[in-house]
Amino acid sequence: MTLRLALGISLSTLALGSPSLSSAQPAGAGEPIVIGQRFQLRSEGMHEMRSFQVHRPPNYDISNARYPVLIVLDGDEHFQHVSATVDFLYGAGKMPAMLVIGVPNTDRYRDMSTSAAPGPSSLLKFITDELVPKIDRDYRTRPYRILVGWSDAGLYALYSMINAPEVFRGYIVIAPAFGDDRELPKTVNAFLQEHQDPNLNADLFMTADDGTGQGLSGAWELSSYLQTRAARVRDLRFTFRRYPEESHGAVPLRSVREGLLSIFEGWGIDGEGAFALYEQGGLTGIDKHFSALSARLGFPVAVPDEVLFDTFARLEGRKRFPEAEQVIKRAIELFPDSATAHYYAARLYMQMGNKSLGVETLKKALLLSPNHAPSRSLLNDMKLDANEFVPEVRVPGKDLAKFVGGYGTSAVVFRIELRGDKIFGKTSEREYELNTLSGTSFAYSENNVYSSDGIVSFRTDGRGRVTGLEFQNGGAKLAKLK
């Protein structure tokens, strides 16, 4: 075992919350930060126990959403940094939240072999026939998967594309060790020549490090094949990047980040990008962009509210009020429960000289969120008392206390705590301040890069006792646990 692999195993064990290591911590050392869980699965095909690691997306327990899946080979080395990169890019709005599955090796030389008899190897059969079905059974997944492999595992990712092309839609192939397999570039090219499917929509992102010789020549050879193929048949999007400043051991971190950004290109659009889409094709242009992204990825990608809000703000700033009105009306149509969208519309109507419509729209914003600060501030600027329309809601601490406790199905996944005259909700990953909307409904939000906003409502029985809670827009329904 190499020193790097041994270190990776040690770090992975620590991050996954090993009981032996946890028990060695001094009393009062603090809460462990757990990035994932390790499981065991008996492989009938390989006749051995295999371990796998799972990192769930932020807010998994309080959502009913389904998620794409990323499977990373050499899990003991790469599970942690891949999981962190996925969460960071999701929080930055550059890609969807994803389940990350690490596949550690039992015998790396055997597992990563690409020179077996024709057809899938035993590890590939384990992944496709045993591991993937189990992940789909146990978690809320989408039928979109990415495979990540480095060095020999990079070769193995290419081998997987040839032998199980229906399983993965994206591949991040990091510094593949072509010096160990000089025939694979030609094999990949032959496979692609025989399989030309315009509906395949596969993404392949490949990198090379500072190495030279056979490894680099193999990468250039395969890149030449794939660039030609991608230009001729639109069933493959291919990108190749060489990082001459990155060593073989260091190149995975950068490769994963840029590979994910390449695969999900067009997912996260900044304000200028959104406005450019609008200028080129209006609201139809924005719709077409996200429709094309949905078609390429194979699952629906909705127009984000930020795209419409950013476009609205630029039109408003340029005094293009009729266009701004159409954009904010679309935002309200898509996000009818958004107090922010109604506030923006009201602000626009004021500038257009329609004070009465502005006030009526602010009323709607306050009905959605009685304590919405921007709406109350705008009414205050107009010398109007927001409480005349919708009184500010305050719930005494003694009444908030009845919500305190753990919520879940069999185990606690959301905990309510009372601090002074405010309540806070906590998941295993993060904490939310809950702002009062009514006696039983609260808005939750985070003030950091992983911001996620919504409404949580508490359920009570006929005697006023709290029995559970529910997150808005099809989120999870959780019972109050004793």
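Trainee: Is His47 buried or exposed, and what is its relative accessible area?

Mentor: His47 is exposed, with a relative accessible area of 60%; here exposed means over 50% relative accessible area, buried means under 20%, and partly exposed lies in between, with a 1.4 Å probe and protein chains only. Before going further, note that this is a predicted model, in which local features need pLDDT of at least 70 and side-chain atom pairs count only at pLDDT 80 or more, whereas totals for chains, interfaces and linings use all residues. Residues are numbered from 1 along each chain as its sequence is written, and side-chain values use heavy atoms, with hydrogens and water left out.

His47 sits in the loop between strand 1 (37-43) and strand 2 (48-55), where helices (H or I, at least four residues) and strands (E, at least two) are DSSP runs numbered from the N terminus. Although His47 is not a glycine, its phi is positive, at about 60 degrees. Most residues other than glycine have a negative phi. Ser151 also has a positive phi of about 60 degrees without being a glycine, and it lies in the loop between strand 5 (141-150) and helix 6; Ser151, however, counts as buried, at 9% relative accessibility.

In the protein as a whole, 49% of the 482 residues count as buried.

Helix 3 (residues 75-91) deserves a careful look as well. Its axis and that of helix 9 (residues 251-263) come within 10 Å and cross at roughly 35 degrees, the axes being lines fitted to C-alpha atoms over the stretch in contact, with angles from 0 to 180 degrees between N-to-C directions. Contact here means heavy atoms within 4.5 Å, and the residues of helix 3 that meet helix 9 include His78, His81 and Val82, with Pro252, Leu253 and Val256 among their partners.

His78 belongs to helix 3 and counts as buried at 8% relative accessibility. Apart from neighbours within four places in sequence, His78 is in contact with Val72, Leu73, Trp150 and Pro252. Its side chain is joined to that of His81 by a polar contact of 2.9 Å, a polar contact being a pair of N or O atoms within 3.5 Å, of which, within protein, one must be able to donate a hydrogen and the other to accept it, while residues adjacent in sequence count only if both atoms are side-chain atoms.

Ser83 is in helix 3 too and is buried, with a relative accessible area of 0%. A polar atom of its side chain lies 2.8 Å from the backbone oxygen of Phe79, and, not counting residues up to four places away in sequence, Ser83 touches Ile35, His55 and Val100.
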